[in-house]
Amino acid sequence: MIKLITLLESLNNTTIVYNGHILNDSFKTGAGVAYGYIVTTAMSAAATTVYDNTAASGTVLFVIPASTAIGVYQFPVGVQFNTGLYASFAGTGTVNFLYI
């Protein structure tokens with residue numbers, strides 16, 4: 001647990017809250033590495049797609065499944081991106097994206 005806390009403290013942490021409407025957001029421009037996400041309010045029945053881009057197109061990096069429960073979701077290895085991070089989603093919930 002100490003290793004996880006140390007890792008989380010060293011990462012940029014962007015919170016995106018969405019409630020009942022479609023919200024798309026480019027929250028990182030340029031290259032980096034995504035390490036996972038934290039769901040702090042359970043997701044509704046709507047998936048979230050994260051792209052390596054500044055728009056909802058291009059390479060899909062990962063998908064947060066619909067109805068994801070509150071928790072910390074770490075990738076086994078970092079996911080590299082070159083252009084940026086763009087989240088395309090609908091529904092309700094709160095997600096913190098972890099990246100450097």
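Trainee: What share of the contacts in the chain between residues at least 6 apart in sequence join residues at least 24 apart?

Mentor: In this predicted model, 82% of those contacts join residues at least 24 apart in sequence, where a contact means heavy atoms within 4.5 Å.

Trainee: How do you know that β4 and β5 count as paired strands?

Mentor: Pairing requires at least two bridges between the strands, and β4, residues 48-52, forms five bridges with β5 in the antiparallel sense, so the two strands count as paired. Within this pair, V50 stands opposite F62 of β5, and the hairpin of β4 and β5 has six residues between the strands, with G58 taking a positive phi near 90°.

Trainee: What makes a set of residues a nonpolar core, and which members of the largest one touch the most other members?

Mentor: Its members must be buried residues of nonpolar kinds such as Tyr, Phe, Ile and Leu, joined through side-chain atoms within 4.5 Å. The largest core here has 17 residues, among which Y37, F62, I64, L85 and F97 touch the most other members. At least two residues of this core come from each of β3 (32-41), β5 (59-64), β6 (71-81), β7 (84-89) and β8 (92-99).

Trainee: What percentage of the residues is called buried?

Mentor: A residue is called buried because its relative accessible area is under 20%, and 43% of the 100 residues of the chain count as buried.

How values were computed:
Residues are numbered from 1 along each chain as its sequence is written. This is a predicted model: local features need pLDDT of at least 70, side-chain atom pairs count only at pLDDT 80 or more; totals for chains, interfaces and linings use all residues. Side-chain values use heavy atoms; hydrogens and water are left out. Buried means under 20% relative accessible area, exposed over 50%, partly exposed in between (1.4 Å probe, protein chains only). Helices (H or I, at least four residues) and strands (E, at least two) are DSSP runs, numbered from the N terminus.
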